[in-house]
Amino acid sequence: LMQIFALLLLVTTDGPWSCLAVYAIFGICQGANSVSHYNILCETCPHDNRKVHITAGNLTMLPSLLLVPIFAGLLVEYYSIAALQWACLIISIAALAWFVCLLKEPRTTS
């Protein structure tokens, strides 16, 4: 929700205070993402296989971490930075909808 709020601020406002607010909110998003990613990996794996589980979780994220910046750069080059910002907002809203409607709590689906 905070990411969507930050992106909405980004595409609808301008000025130094808006920029400061967007960076602050994205900082909160990155901190929450980092903490929750490793916590969910540790909570959902058996203790004997924790290193393998963390490695597999990181490798699962690797393709998007490599390819998304390339696609984002192409989008900016051929369209505009505003197009990238709107695309990020749309993807974030779709991700939130998926999370709310389809995601099952992994700690309770054993």
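This is a predicted model: local features need pLDDT of at least 70, side-chain atom pairs count only at pLDDT 80 or more; totals for chains, interfaces and linings use all residues.
A residue counts as exposed when its relative accessible area is over 50%, as buried when that area is under 20%, and as partly exposed in between. C19, at 40%, is partly exposed. A search of the whole structure for disulfides returns zero. For C19, the nearest cysteine sulfur belongs to C29 and lies 15 Å away, and C19 takes part in no disulfide.

Helix 2 spans residues 16-43 and helix 3 spans residues 50-78; their axes are 9 Å apart, and the packing angle is about 135 degrees. The crossing of helix 2 past helix 3 is right-handed. On the helix 2 side, the contact is made by H37, Y38, L41 and C42, which meet R50, H53, I54, G57, N58 and M61 of helix 3. Sorted by class, this contact of helix 2 with helix 3 holds five nonpolar residues, four polar ones and one charged residue.

Helix 3 also packs with helix 4, which covers residues 81-101. Here the axes come within 7 Å and cross at roughly 135 degrees, so helix 3 and helix 4 are likewise oblique to each other. A72, L75 and V76 of helix 3 meet I81, A83, L84 and A87 of helix 4. This contact of helix 3 with helix 4 comprises seven nonpolar residues, with no polar and no charged ones.

How values were computed. Residues are numbered from 1 along each chain as its sequence is written. Side-chain values use heavy atoms; hydrogens and water are left out. Axes are lines fitted to C-alpha atoms, for helices over the stretch in contact, and angles run from 0 to 180 degrees between N-to-C directions. Helices (H or I, at least four residues) and strands (E, at least two) are DSSP runs, numbered from the N terminus. A crossing is left-handed if the near helix is turned anticlockwise from the far one by less than a right angle, and right-handed if clockwise. Contact means heavy atoms within 4.5 Å. Ala, Val, Leu, Ile, Met, Phe, Trp, Tyr, Cys and Pro count as nonpolar, Asp, Glu, Lys and Arg as charged, and the others, Gly among them, as polar. A disulfide is a pair of cysteine sulfur atoms within 2.5 Å. Buried means under 20% relative accessible area, exposed over 50%, partly exposed in between (1.4 Å probe, protein chains only). Angles under 35 degrees count as roughly parallel, over 145 as roughly antiparallel, 65 to 115 as roughly perpendicular and the rest as oblique.
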